[in-house]
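This report describes one protein model and its metal site. The sequence and the structure come before the description.

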Amino acid sequence: MLEYKAARYGRTLTRVDRAFPSSQVCSACGHRDGPKPLHVRVWTCGRCGTRHDRDWNAGVNIKHEGRRIRAAAS
Ligand SMILES: [Zn+2]
């Protein structure tokens, strides 16, 4: 799943900082919810209550971060 996403977002991934906490941030409200053990596949945001699929949420965050970086560079 992660390799699939890496291929899909390959260009962006090379530019997003490795420390970017894509699995910790709520893609709905931007709240940084803290580290999730790898076995946690689904979690609920502590601020807005949105229920997230871990990989889907991380993919959304990486896409947003990639767009933010590209926008800042242009
Ligand atoms: Zn949230």
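C48 is partly exposed, at a relative accessible area of 36%, whereas C26 is buried, at 1%. Here buried means under 20% relative accessible area, exposed means over 50%, and partly exposed covers the range in between, with a 1.4 Å probe and protein chains only. The model is predicted: local features need pLDDT of at least 70 and side-chain atom pairs count only at pLDDT 80 or more, while totals for chains, interfaces and linings use all residues. Residues are numbered from 1 along each chain as its sequence is written, and side-chain values use heavy atoms, with hydrogens and water left out.

C26 and C48 both belong to the zinc site. The zinc ion has as protein donors the SG atoms of C26, C29, C45 and C48, which lie 2.3 Å from it. Donors are N, O and S atoms within 2.8 Å of the metal (3.2 Å for Na, K and Ca); water is not among the atoms, so sites may look incomplete. Along the sequence, the donor residues follow the spacing C-x2-C-x15-C-x2-C.

Why is the arrangement of the four donor atoms tetrahedral? The angles they subtend around the zinc ion are 108 to 111 degrees, which makes it so. Four donors count as tetrahedral if all angles lie between 85 and 135 degrees.

The protein chain as a whole has three helices and two strands, in the order α-α-β-β-α from the N terminus. Helices (H or I, at least four residues) and strands (E, at least two) are DSSP runs, numbered from the N terminus. Of the 74 residues of the chain, 36% count as buried.

Helix α3 covers residues 54-73. Its 20 residues should span 28 Å at 1.5 Å a residue, and the end C-alpha atoms are 29 Å apart, which agrees. The expected span is 1.5 Å times one less than the number of residues. Buried residues of α3 include N57, I62 and I69.

D53, in strand β2, caps the N-terminal end of α3 through a side-chain oxygen 3.2 Å from the backbone nitrogen of D55. D53 is partly exposed, with a relative accessible area of 40%.

N57 is in helix α3 and is buried, at a relative accessible area of 0%. H52 is in strand β2 and is buried as well, at 3%. The side chain of N57 takes part in the polar contacts listed below. A polar contact is a pair of N or O atoms within 3.5 Å; within protein, one must be able to donate a hydrogen and the other to accept it, and residues adjacent in sequence count only if both atoms are side-chain atoms.

| Side chains in polar contact | Distance |
|---|---|
| N57 and S27 | 2.7 Å |
| H52 and N57 | 3.3 Å |

V16 lies in the loop between α2 and β1 and counts as buried at 9% relative accessibility. The C-alpha atoms of V16 and I62 are separated by 7.3 Å, although these residues are 46 residues apart along the chain.

K36 lies over the face of W43, 4.4 Å from the ring centre. A charge sits over a ring if NZ of Lys or CZ of Arg is within 6 Å of the ring centre and within 35 degrees of the ring normal.

Definitions and conventions
Tetrahedral: all angles 85-135°; square planar, octahedral: opposite > 155°, others 65-115°.
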